[in-house]
Amino acid sequence: MKNYIILIFFVCLFASCEKSLIVEQPNWDIQLSNARSKNGNAFVFKLGDTCKYTATGDANTIITYPGTAGFNYGNKNRTTAVGEASLQFTSYAQFGVQTNTLKLLASNSLTVLDSSSVVNASWTDITNRAILSTGTDNTASGKIMLSDLYVAGKPLYLALKYNGVTGSTQKTWTFKNFAVNNLLPDGSTVGIASLTDISWTVYGNVRTPANGSWIATATQIQVVGGGATALTNETWAISKPLDLTKVAPDVSIPIKNLTSAPLKNYTFQYPAVGKYKVVFIASNNTLNDNKQVMKEFDVEIIP
């Protein structure tokens, strides 16, 4: 009998614990209170206005997606996006009068990074898309468009190919501020690669001293040409594979956590004219249960 009573006690205790892990639907609401007017379902504000929200009830946590770049509810699960991918850098050509010593190339046909594959791959010459130094340091390349080189499911490789010819002083080339970016339709820019993470792999002639071989650091990539008696030299620097469509999912802005006092008011000011979908999500949650209330608003910002 005693063991039976103990068993009943633990069953009731377990049921009580299970019940404590179940949460109720948040009793929470929020309203936008100070729009200048309405255009259909959209609340209209002028640029510079502050959108003022008034909330009632409470919830454990509250987050918002204001609809601005990087904070769009519709993009919360997005991992890829096609935009305008481009490359920019600055260059510096020094010494000698040799011409056509530098080529900027792109390929989506590389499958293995080794010297044979690099030399024999199908490369697109995009040198003429860039403004290259003719002797001035930090010559800006301009925006070098890459989107036309994108092939779905295939990474893009970029290459710097250098040729120095024996018989006269060979050129030295230095590249800085190397950046590949993707401009998305919503106006936001996603960084795809920079000098700090482009992970150059170098192939070709290597001599001592290091004349004739690309040397990459966190701030520049450089090839130092040899003197007039230096051997004819070809050396390549190949980027890591670049996914021109990779993006991080958009995120929310937390505006209330479990220990915060109930949220009564919230304000937001938009940085630009446009139409925005605003989403608020109020949640009560435990490890075993989660219940939410979602509120949506259309906001239009006019000049």
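Colleague: What percentage of the 303 residues of the protein chain counts as buried?
Modeller: This is a predicted model, where local features need pLDDT of at least 70 and side-chain atom pairs count only at pLDDT 80 or more, while totals for chains, interfaces and linings use all residues. Residues are numbered from 1 along each chain as its sequence is written, and side-chain values use heavy atoms, with hydrogens and water left out. A residue is buried under 20% relative accessible area, exposed over 50%, and partly exposed in between (1.4 Å probe, protein chains only). Of the 303 residues of the protein chain, the buried part is 39%.

Colleague: What radius of gyration does the protein chain have?
Modeller: The C-alpha trace spans about 100 × 70 × 30 Å along its principal axes. The radius of gyration is taken over C-alpha atoms, and the globule rule is 2.2 Å times the number of residues to the power 0.38. For a compact globule of 303 residues the radius would be near 19 Å, but the protein chain has 29 Å.

Colleague: How many strands does the protein chain have?
Modeller: Helices (H or I, at least four residues) and strands (E, at least two) are DSSP runs, numbered from the N terminus. The protein chain has 2 helices, and its number of strands is 21.

Colleague: In what order do the 6 strands of the open sheet with mixed pairing stand?
Modeller: Two strands pair if DSSP finds at least two bridges between them. The edge strands, each pairing on one side only, are strand 2 (37–39) and strand 18 (253–256). Axes are lines fitted to C-alpha atoms, for helices over the stretch in contact, with angles from 0 to 180 degrees between N-to-C directions, and the twist from one strand to the next averages 35°. The order of the 6 strands is 2-3-21-20-5-18.

Colleague: Which residue in strand 18 is the bridge partner of threonine 64?
Modeller: Strand 5 covers residues 61–65 and pairs with strand 18 over 3 bridges in the antiparallel sense. Across from threonine 64, the partner in strand 18 is isoleucine 253.

Colleague: Which are the edge strands of the open sheet of 3 strands?
Modeller: This sheet has the order 1-4-19 and antiparallel pairing. An edge strand pairs on one side only, and here these are strand 1 and strand 19 (265–268).

Colleague: Which residues make up the covered face of strand 1?
Modeller: Strand 1 (residues 27–32) is joined by 6 bridges to strand 4 (residues 51–58), and the two run antiparallel. Tryptophan 28 stands opposite glycine 57 of strand 4. The uncovered face of strand 1 holds Asn27, Asp29 and Gln31, while the covered face holds Trp28, Ile30 and Leu32.

Colleague: How many of the 6 residues of strand 7 are buried?
Modeller: Strand 7 pairs over 6 bridges with strand 11 (residues 157–164) in the antiparallel sense, and leucine 102 has tyrosine 162 of strand 11 as its bridge partner. Strand 7 is also joined to strand 8 by 2 bridges, again antiparallel. Strand 7 is mostly covered, and of its 6 residues the number buried is 5.

Colleague: What is the phi of asparagine 100?
Modeller: Most residues other than glycine have a negative phi. Asparagine 100 lies in the loop between strand 6 (84–94) and strand 7 (102–107), and counts as exposed because its relative accessibility is 67%. Although asparagine 100 is not a glycine, its phi is positive, at about 55°.

Colleague: What is the volume of the largest pocket?
Modeller: On a 1 Å grid over the protein atoms alone, a pocket is an open set of points with protein on both sides within 12 Å along at least five of seven lines, a cavity is a set where a 1.4 Å probe fits but cannot get out, and lining residues have an atom within 4 Å of a point. The largest pocket has 14 lining residues, with Gln98, Thr99, Asn100, Thr101 and Trp173 nearest its centre. Grid points are joined across faces, edges and corners, and a volume is the space filled by probe spheres set on the points. For the largest pocket, that volume is about 200 Å³.

Colleague: How many nonpolar residues are in the lining of the largest cavity?
Modeller: About 40 Å³ of space lies in the largest cavity, and its lining consists of Tyr53, Thr64, Pro66, Tyr266, Phe268, Tyr270, Val278 and Phe280. Ala, Val, Leu, Ile, Met, Phe, Trp, Tyr, Cys and Pro count as nonpolar, Asp, Glu, Lys and Arg as charged, and the others, Gly among them, as polar. The lining has no charged residues and 1 polar residue, and the number of nonpolar residues is 7.
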